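Please examine the sequence and the structure shown below.

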Amino acid sequence: PKDPETAKKEQLSVKKLRVVLFALCSSTEQAAQHFRNPPRRIRRWLRRFQTFHDDRPELSEGKYLSLEAEEKLAEWVLTQREQQLPVNEETLFQKATKIGRSLEGGFKISYEWAVRFMLRHHLSTHTRRGVANPLPKEIQGNAGTFIEFVQRQIHRQDLPLAMIGAVDEISLFLDAEILGSDGRKENALQTVGNGEPWCELVLTLVADGNVLPALVVSRGHHPSPATIPDSILLESKENGFDDDEIMELWAARVWRKHAECRGGSPSKGMLVLDCHRTHLSEEVLAVLSAAGTLPAVIPAGCSSRIQPLDVCVKRSLKNFLQKKWKERARHLADSDSSALLQLLLGWLGEALEILGNCPELIRKSFLLASVLPAGNSASPRRNGDEQEELIAAMEERLEIAKSRESSPELPGNDDPEADPEILHRLFEGESEAESFYGFEEADLELMEI
């Protein structure tokens with residue numbers, strides 16, 4: 001048996017587990033800002049937890065969720081993220097408790113269980129190997145059926161790559177209260193949220209490597225921006241648009257135009273979109289039908305594996321826009337909605353120009369998502385390696401990785417010793433050993449309990 005000191009060293013405190021859970025649900029950078037802990041320290045806590053908690057322990061009957069119940073919870077996490085709805089400590093615990101109500105004697109919930117659950121089901125937002133990670137059993141089967149259907153149709157109909165598309169949205173939520181406060185304005189723009197988004201971006205990739213114009217739908221009435229990049233189509237409305245209206249605008253202004261530009265009789269095509277667009281209106285279906293386009297609807301919870309936009313482009317674009325926002329956030333408090341929209345259009349135009357120069361990365365996204373039949377079927381591990389390489393290449397083009405590497409360990413403060421709050425935590429015992437400069441990493445590990 002392990003001695004008490006070793007066991008104590010291995011176990012993360014509840015406070016640290018809460019930070020790690022936040023990082024798994026959102027990102028290390030957001031956890032670092034929220035809890036004011038350096039990202040490197042949070043990553044070290046996560047590594048320590050993984051070292052000593054690789055396997056599922058023998059759990060007391062009736063006190064923990066069964067693996068079947070956990071799979072239902074994992075499906076919920078995946079579908080929430082597809083809809084850009086929050087997955088955090090509160091929503092996760094509420095859903096777990098609801099699923100666990102049927103257990104006799106109740107459900108024992110804890111931060112340790114939650115972190116273990118997120119890791120066991122590969123639900124961290126950090127993963128760059130989504131195409132390789134196993135899905136919950138039920139939706140894994142649905143994913144396989146979908147892939148077979150799509151590849152069979154492409155082969156039978158001899159669909160041209162230029163008419164095989166993928167469409168999805170990125171919703172941007174702007175918190176006016178945070179933007180107008182003296183706090184961290186860089187947190188005012190988020191890509192996950194409840195309520196009505198400030199803007200919605202509808203993105204379309206084509207399997208031949210092209211990126212179609214992005215449709216930007218904004219809420220509110222503002223003067224037309226002075227300049228709109230050629231790669232962007234802008235629509236604004238005082239009370240915003242509902243999902244049907246957005247898709248109708250997209251079908252008419254983006255996909256129909258794309259099909260018509262091919263000249264002559266329209267080729268047959270296919271459009272990959274997630275199941276939360278199954279409320280396709282008759283108008284949208286009519287446009288797709290006129291273009292000879294079959295809607296291929298991804299089963300719920302499967303987008304991380306088989307949506308080409310999810311393989312690389314969406315995450316890279318989100319990170320690019322948030323990086324641009326953070327660089328300007330401190331100076332945006334007095335900007336009106338029109339000025340903010342003009343900035344967003346400029347950033348998006350810049351990103352789309354870069355994406356348009358990466359046809360090989362776009363084509364690879366369709367292959368890794370299994371939408372296109374691959375010449376030789378690679379192993380999940382190899383596909384995961386290729387996705388990591390693809391994301392790294394895209395981030396290099398967008399210059400995201402360089403920015404991330406140069407970001408300070410203590411956000412917003414180049415001189416941590418001069419921050420009274422850091423000093424306060426140091427003397428109250430809340431600061432970690434990394435605050436003591438001159439110690440080696442191994443010494444720091446020994447100092448942590």
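## Aromatic pairs

W113 and F117 both lie in helix 7, four residues apart, which is about one turn of the helix; helices (H or I, at least four residues) and strands (E, at least two) are DSSP runs, numbered from the N terminus. An α-helix has 3.6 residues a turn, so residues three or four places apart point the same way. The model is predicted: local features need pLDDT of at least 70 and side-chain atom pairs count only at pLDDT 80 or more, whereas totals for chains, interfaces and linings use all residues. Residues are numbered from 1 along each chain as its sequence is written, and side-chain values use heavy atoms, with hydrogens and water left out.

A pair of aromatic rings is described by the distance of the centres and the angle of the planes. Rings of Phe, Tyr and Trp (its six-membered ring) pair if their centres lie within 6.5 Å; planes under 30 degrees apart count as stacked, over 60 as edge-to-face and the rest as tilted. By this rule the count comes to four aromatic pairs. One of them joins F93 and Y111, which form a tilted pair with 5.6 Å centre to centre and 45° between the planes. F93 lies in helix 6 (residues 89-100) and Y111 in helix 7 (residues 111-120), so this pair ties together parts that are 18 residues apart in sequence. F93 counts as buried at 16% relative accessibility, and Y111 counts as buried at 17%; buried means under 20% relative accessible area, exposed over 50%, and partly exposed in between (1.4 Å probe, protein chains only). The rings of W113 and F117 have their centres 5.4 Å apart and their planes at 15°, so that pair is stacked. Both W113 and F117 are buried.

The expected span of a helix is 1.5 Å times one less than its number of residues. The 12 residues of helix 6 should therefore span 16 Å, and its end C-alpha atoms are 16 Å apart, which agrees. The buried residues of helix 6 are T91, L92, F93, A96, I99 and G100. These buried residues pack against helix 2 (14-25), helix 5 (67-82) and helix 7.

N88 lies in the loop between helix 5 and helix 6 and is partly exposed, with a relative accessible area of 30%. At the start of helix 6, a side-chain oxygen of N88 reaches to within 3.2 Å of the backbone nitrogen of E90. N88 and F22 are 66 residues apart in sequence, yet 6.7 Å apart in space, C-alpha to C-alpha.

## Q190 in strand 2

Q190 is found in strand 2 (residues 189-190). A polar atom of the Q190 side chain lies 3.2 Å from the backbone oxygen of N187. Not counting residues up to four places away in sequence, Q190 touches Q30, S171, L172, F173 and Q322, where contact means heavy atoms within 4.5 Å.

## The second largest cavity

On a 1 Å grid over the protein atoms alone, a cavity is a set of points where a 1.4 Å probe fits but cannot get out, and lining residues have an atom within 4 Å of a point. Grid points are joined across faces, edges and corners, and a volume is the space filled by probe spheres set on the points. By this rule the count comes to two cavities of 30 Å³ or more. The second largest cavity has a volume of about 40 Å³.

L203, T204, L205, V211, L309, V313, L352 and L355 line the second largest cavity. The elements that give two or more residues to this lining are strand 3 (199-206) and helix 15 (337-356). Strand 3 supplies the largest share, three residues.

Note on methods:
Polar contact = N/O pair within 3.5 Å; in protein donor to acceptor, adjacent residues only side chain to side chain. 1 Å grid on protein atoms, 1.4 Å probe; cavity = no way out; pocket = protein on both sides within 12 Å on 5 of 7 lines; lining within 4 Å.
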